Number of protein chains: 2
Amino acid sequence: MKTEFDDAYFMQKALDEAQKAYDRGEVPVGAVIVIDSTIIARAHNLTETLNDVTAHAEMQAITSAANYLGGKYLNQCTMYVSLEPCQMCAGALYWSQLKKLVYAASDHKRGFEVMQTQLHPKTKVLKGVLEQKASHLLKRFFFEKR
Amino acid sequence: MKTEFDDAYFMQKALDEAQKAYDRGEVPVGAVIVIDSTIIARAHNLTETLNDVTAHAEMQAITSAANYLGGKYLNQCTMYVSLEPCQMCAGALYWSQLKKLVYAASDHKRGFEVMQTQLHPKTKVLKGVLEQKASHLLKRFFFEKR
């Protein structure tokens, strides 16, 4: 059986990370960073566990990928993240010169698109991959927190 | 002799941090975070040293201050930073609910004002404190890098 290393495959890995955040009582967001079909960084939201607003999945994944690569630019990398990045994370992706950003669910309130945060001009964006799965997990989390 | 714990006093501490960045060959930006006239976090830009685009002075100071306080919100804190924050750092300050932001030099190209990044609605902003000193250090750095 051949495994297809497509966008859905890698987004599922980001969703697996989001599930880990959910299991810790964190807002369930996960991210992976991929280069040449290889995952080089995985992270999930840890803002409550670490008491740190900067501990979003994307920020940790950026730091981890740069550490793996030995250089701070991610211009050959794709980030898969289960929720549209916020201003902070999009601002970090700007500096990283990310090649491609793929996200699942949109954040119409605090996502970078409505906030008009600029990504690097060379960053391509694809959205909606496994959107339903990502949204379902987020909705379940916030419903249970009520 | 009485020491005045005013905005210029704390901005000088941020500039002392910027000087440390300069001495390491980093873009010279420094930040301190203050609560009740006490400095609880100091940091300087380490993006080159750490190979990490997220290692701006402000990001490290936010993490450090939250660690000191044992909570992630900085709604009783003032940040002094020698250069206007970028999208990423302003986005982090949004989440931190910072009480007051004081910065020295403006960044008309990549600063949060021209980029229209939103701070938390309760964050007050004061700019231009020790602006000349901060600008001079930045200009000297970029001149020598040519």
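User: Which residues of chain A does UniProt list for "binding site", and why can they be said to gather at one spot?
Analyst: In this predicted model, the positions can be traced from an unreviewed UniProt entry, which lists A:His56, A:Cys86 and A:Cys89 for "binding site". They span 34 residues in sequence, yet no two of their C-alpha atoms are more than 9.3 Å apart, so they gather at one spot.

User: Is A:His56 buried or exposed?
Analyst: A:His56 is found in the loop between helix H2 (47-50) and helix H3 (57-69) of chain A. Leaving aside neighbours within four places in sequence, its contacts include A:Cys86, A:Cys89 and, from the other chain, B:Trp95. Buried means under 20% relative accessible area, and because A:His56 has 15% relative accessibility, it counts as buried.

User: What is the relative accessible area of A:Cys89?
Analyst: A:Cys89 lies in helix H4 of chain A and touches A:His56, A:Glu58 and A:Met59, not counting residues up to four places away in sequence. A:Cys89 is buried, and its relative accessible area is 0%.

User: In chain B, which residue has the C-alpha nearest the axis?
Analyst: Chain B is superposed on chain A by a rotation of 180 degrees with 0.0 Å of shift along its axis (RMSD 0.0 Å). The two copies are therefore related as by a two-fold rotation axis. The C-alpha in chain B that is nearest this axis, 2.0 Å from it, is that of B:Met88.

Terms used
Residues are numbered from 1 along each chain as its sequence is written. Chains are lettered from A and ligands numbered from 1 in the order in which they are written. This is a predicted model: local features need pLDDT of at least 70, side-chain atom pairs count only at pLDDT 80 or more; totals for chains, interfaces and linings use all residues. Side-chain values use heavy atoms; hydrogens and water are left out. Copies are superposed by least squares on the C-alpha atoms of residues with pLDDT of at least 70 in both. UniProt positions are given in the numbering used here, feature names are shortened, and annotations may be inferred rather than shown by experiment. Helices (H or I, at least four residues) and strands (E, at least two) are DSSP runs, numbered from the N terminus. Buried means under 20% relative accessible area, exposed over 50%, partly exposed in between (1.4 Å probe, protein chains only). Contact means heavy atoms within 4.5 Å.
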